[in-house]
Amino acid sequence: MIFLELVLQNFGPYSGKQVINLNPKIDEENSHPIILLGGMNGGGKTTLMDAIRLALYGSRAQCSTRGNLSYSDFLNQCVNNKIDPVADTRIELLFEHIENDKPIKYRVVRSWTKNPKDGKDTLGILGDSDTWPDALVNIWDEYIENLLPLGISNLFLFDGEQVKELAEQETPPPVVVDAIRGLLGLELADRLAVDLDILVNRKLKEVGNSKDLANLEEIEIRLTQQQEDYQTTGEKLETIKNHVEELEQKQQEAFDKFISEGGKIAAERNQLELQQDTKTAEIEQIRQSMCELATDVLPLALIPSLLTQVQAQGEKEFRHQQIQISKDLLIERDQRLLAWLNQGEISPIQVEEIRSFLVQDVNNLYAKTIQIEAPWLLADDENLSQLDNFIYHLKNSKLSAKEKLAILKNKKEEIHTLERQVQTAAAPEDYTKLRQALEASQNQVVEAKANYETIRRRLAELETIIAKSKRELSEYTVENIKHKNSEHIITSAAKVQETLKIFQEKLTLRKLNKLEEEVKNCFLYLLHKSDLVHRITIDTKTFSLLLYDLNGKPVPKHRLSAGEKQLLAIAFLWGLAKVSGHRLPVAIDTPLGRLDSSHRNNLVERYFPAASHQVILLSTDTEIGIKEVETLRENEAIAREYLLKYDSSTRQTTIQPGYFW
């Protein structure tokens, strides 16, 4: 199925006749899936979605602005407020689908005027031959149910609010639950079960004698009363549930006030003061240890330059002493050498030359080490070693003192914080009032929850009683009312009911297994984060989603970010659409909602081009912005672009080619 054209005439803010080409085909050979319509909030985007629904389903359409209005009042509301009251309001939707292996086109036309006659619109169906097939008009509701059933239409025509609601709730909203049941075929099975009950009861009444019939009617009356009590109790339970939520909100407000006005701190005053005393004692210990440091070498930190000078002078004098000792040793060796030479056969002249050379050589060696100033420190090895130890010890003492000063500063800040907290504590009389208000709200919540639990148990009891009455009715009729002409029907109906129940359970499991796999694949594809969820299951009764990680452990829904919840909701709708087996267009109003940039990019790049063969997007400039639309254009995903230009002075909207950029 493909939507080809939408015509609006005096519908909502659309004055006059305006035509939108929805055909995704660019030419005979190429087509792009996306039809992009841009418009600001209040400019008519939702009205376009309502127009498609109204054209297809008429009075059954689930339009967003209808609420509890009658169909006549809703049609009056849709008439453009600037036109002549006798002028026509008209919607036309041209679509194409395959019928008997051949493409066929139908143009659905609905028209009406202000205060329509009989409170209805006029429906017309224009076929390929430009004729109005009256037979198709008469059975249009049944015909469109075969193409796009109303029960699953919300899987293909949905808006951002629907995604938001689905993302935030633990269980799907009723509209999605109805779509799931329609998709799984459960509605048909339930309807068949009810029809069988009606048939069996009718037959039993026909064949039963007066006494049997009276007993049967008595059971039916009692069952009807029990069902009414069940419904009343259920409504009462819902009311009490809302009351509990209101009281819990008030309790939270009382608790917030208790915290903000110092009630919690007042209750903890003794503990805070004890912490303050402990911090003060710790500060005194730190100061005592710093005094001990001050009695040792730490005062020498006041003369670091003198210590450095003394250390340098000591090293200098010690080095000169070592040089002088080596020089004396060298001179003594030279004298021994000359004495040995004099005893030999060397002439005195040669000995004198050798002596002169040795003297000159010693002078040259130690020429650069002559001490200019006289030594004044006169420190020995032990003194210099002690000096080095003092300097090393002084360095460690300075580091220790610095650390203790930092700790002392932090302790003082902690004491200052505790003092501020104690000062913000509520006065005793104010604390008493705050505590009493909080306890009163807590008691109200406890009482309301107890009342809720009592009603819930009563509802469960009624459910048991109703089941018992149904069982009694079934046993009574089967055992006491028999007739040759109806016995086969009654027996067969019971077997059919049992078979239908088994069929329904197996059908549900089979469809849900397929749906679970599709939802998981869609979610991982959109999320692009394969390590978050390994498996997704769907509860067979509530249809709520349950997520599991690689280790088989549940992943609570509240652990997902807001964007991941939105993607999960979209994956749920996408998976449902895939499992439905219907090849239908997808129309999305307000598609991106509150998604952040990364999740938004995933939808733009992964979902919109692949959601269907035709995707109609109705977006504001902040949802599909310039970056997103450029991405879609580069990927050749957009077939046509339109801008819904809203004039606030006239409160009218015109449709123009192109987008915001």
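Accessible areas come from the Shrake-Rupley method with a 1.4 Å probe. For the chain described here, which is a predicted model, the accessible surface comes to about 38,400 Å². Carbon and sulfur atoms account for 51% of that surface. The chain holds 661 residues, and 39% of them are buried. Its secondary structure consists of 18 helices and 13 strands. Contacts across the sequence were also counted. Of those between residues at least 6 apart in sequence, 72% join residues at least 24 apart.

One sheet was examined in detail. Strands of a sheet pair through backbone hydrogen bonds, either parallel or antiparallel. Here 6 strands form an open sheet with mixed pairing. Their order is E7-E10-E11-E3-E12-E13. Strand E7 (157-159) and strand E13 (652-657) lie at the edges, and each pairs on one side only. Neighbouring strands of the sheet are turned against each other by 15° on average, with direction ignored. E7 pairs with strand E10 (residues 586-589) in the parallel sense, over 3 bridges. Within E10, Ala587 is the residue that stands opposite Leu157.

Strand E11 spans residues 615-619. Two of its residues were followed further. Val615 belongs to E11. Its relative accessible area is 0%, so Val615 is buried, the limit being under 20%. Beyond residues up to four places away in sequence, Val615 touches Pro33, Ile34, Ile35, Val586, Ile588 and Phe608. Val615 and Leu22 are 593 residues apart in sequence, yet their C-alpha atoms are 9.5 Å apart in space.

Leu618 is also found in E11. This residue counts as buried, because its relative accessibility is 2%. With neighbours within four places in sequence set aside, Leu618 is in contact with Leu37, Lys45, Leu48, Met49, Ile588, Asp589, Thr590 and Pro591. Pro591 lies 27 residues from Leu618 along the chain. The C-alpha atoms of these two residues, Leu618 and Pro591, are separated by 7.2 Å.

Two packed helices are described by the angle between their axes and the distance between the axes. Helix H11 covers residues 304-342, and helix H12 covers residues 348-365. Their axes come within 10 Å and cross at roughly 170°. Angles over 145 degrees count as roughly antiparallel, and H11 and H12 are therefore roughly antiparallel to each other. On the H11 side, the contact is made by Lys327, Leu330, Ile331, Asp334, Leu337, Leu338, Leu341 and Asn342. H12 contributes Val351, Ile354, Arg355, Leu358, Val362 and Leu365. The residues of this contact divide into 10 nonpolar, 1 polar and 3 charged.

Asn10 is not a glycine, but has a positive phi of about 55°. Asn10 is placed in strand E1 (residues 2-11). Asn10 counts as buried because its relative accessibility is 8%. Phe543 likewise has a positive phi, near 60°, in a residue other than glycine. Phe543 sits in a loop, between strand E8 (535-538) and strand E9 (545-548). At 1% relative accessibility, Phe543 is counted as buried.

Key: Residues are numbered from 1 along each chain as its sequence is written. This is a predicted model: local features need pLDDT of at least 70, side-chain atom pairs count only at pLDDT 80 or more; totals for chains, interfaces and linings use all residues. Side-chain values use heavy atoms; hydrogens and water are left out. Helices (H or I, at least four residues) and strands (E, at least two) are DSSP runs, numbered from the N terminus. Buried means under 20% relative accessible area, exposed over 50%, partly exposed in between (1.4 Å probe, protein chains only). Axes are lines fitted to C-alpha atoms, for helices over the stretch in contact, and angles run from 0 to 180 degrees between N-to-C directions. Angles under 35 degrees count as roughly parallel, over 145 as roughly antiparallel, 65 to 115 as roughly perpendicular and the rest as oblique. Contact means heavy atoms within 4.5 Å. Ala, Val, Leu, Ile, Met, Phe, Trp, Tyr, Cys and Pro count as nonpolar, Asp, Glu, Lys and Arg as charged, and the others, Gly among them, as polar. Two strands pair if DSSP finds at least two bridges between them.
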